[in-house]
Amino acid sequence: FRALGRAVRVNGRCVRLVGTLQDITEYKQARDALQASEARYRMLFDTSADGILIADIETKIFTQANPAICRMLGYTEAELKTMGVADIHPKKDLPRALAEFEAQGRKEKAVARDIPCLRKDGSVVYADINTSTVAINGRTCNVGLFRDITERKRVEEILKRSERMFSAVFHSSPTLLAISS
């Protein structure tokens, strides 16, 4: 219960109390449930293996960044919150990155594949970005989950080169070659 009241004084002497009692059980239960939900969200956000960036769709400015995206890009959370979509992509790839961001914001697509992202040190990492559009504090935002695919791309390129080399040797050999399993 919450008690609200005041003393009625006559000649400086308290002669009665006037007030109300309010049952706040439901309020406390709702507050506790909200705090528990916020704690779960924060734990998921902070411990996700994928990088998470939340960006205002209109301004394209980041409003939140989790520790994984900070490690991936080499920026602190405070730095990322002063940056926008245009700041984390190489200039030559910016038109595609912005087009993908906007298409995701219009809910035309959920996943943008193989997007180059610029690290603070100038190196490039590649990410598949899975996005949901949500309203946060009255603003429409993209919540992007960044999966680092840089190593996968490196291995795929090595495999492609190996296949091209094998194909060139196989097709240019003057002797009959056969493959059996």
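**From surface to interior**

Biologist: Is V169 buried or exposed?

Modeller: V169 is exposed, because its relative accessible area is 52%, and exposed means over 50%, buried under 20% and partly exposed in between (1.4 Å probe, protein chains only). This residue belongs to helix α5; helices (H or I, at least four residues) and strands (E, at least two) are DSSP runs, numbered from the N terminus. Between the C-alpha atoms of V169 and I52 there are 45 Å, and the two are 117 residues apart along the chain.

Biologist: What kind of model is this, and how are its residues counted?

Modeller: The model is predicted, with local features requiring pLDDT of at least 70 and side-chain atom pairs pLDDT 80 or more, while totals for chains, interfaces and linings use all residues. Residues are numbered from 1 along each chain as its sequence is written, and side-chain values use heavy atoms, without hydrogens or water.

Biologist: Where is I149, and which residues does it contact?

Modeller: I149 sits in the loop between β7 (139–148) and α5 (150–172). I149 counts as buried because its relative accessible area is 4%. Contact means heavy atoms within 4.5 Å; beyond neighbours within four places in sequence, I149 touches D114, Y126, A127 and D128. The C-alpha atoms of I149 and Y126 are 5.5 Å apart, although 23 residues separate the two along the chain. Y126 also has K153 over the face of its ring, 4.7 Å from the ring centre. For such a case, NZ of Lys or CZ of Arg must be within 6 Å of the ring centre and within 35 degrees of the ring normal.

Biologist: How many residues make up the largest nonpolar core?

Modeller: In soluble globular proteins, nonpolar side chains tend to be buried together. A nonpolar core is a set of buried Ala, Val, Leu, Ile, Met, Phe, Trp, Tyr and Cys residues joined through side-chain atoms within 4.5 Å. Here the largest has 22 residues, and L53, I69, L73, L80, I88 and F146 have the most contacts inside it. At least two of its residues come from each of β3 (51–56), β4 (62–65), α2 (67–73), α4 (94–105), β5 (111–118) and β6 (124–136). The most come from α2, which gives four. Leaving aside neighbours within four places in sequence, L73 contacts L53, L80, I88, C117, L118, R119, K120 and V125. Another core, of five residues, lies apart from this one and includes F45, I52, C141 and V143.

Biologist: What is the volume of the largest cavity, and which residues line it?

Modeller: On a 1 Å grid over the protein atoms alone, a cavity is a set of points where a 1.4 Å probe fits but cannot get out, and lining residues have an atom within 4 Å of a point. Grid points are joined across faces, edges and corners, and a volume is the space filled by probe spheres set on the points. The whole structure has one cavity of 30 Å³ or more, and the largest cavity has a volume of about 170 Å³. Its lining has 18 residues, with V85, F101, Q104, I129 and F146 nearest the centre.

How values were computed:
On a 1 Å grid over the protein atoms alone, a cavity is a set of points where a 1.4 Å probe fits but cannot get out, and a pocket is an open set with protein on both sides within 12 Å along at least five of seven lines; lining residues have an atom within 4 Å of a point.
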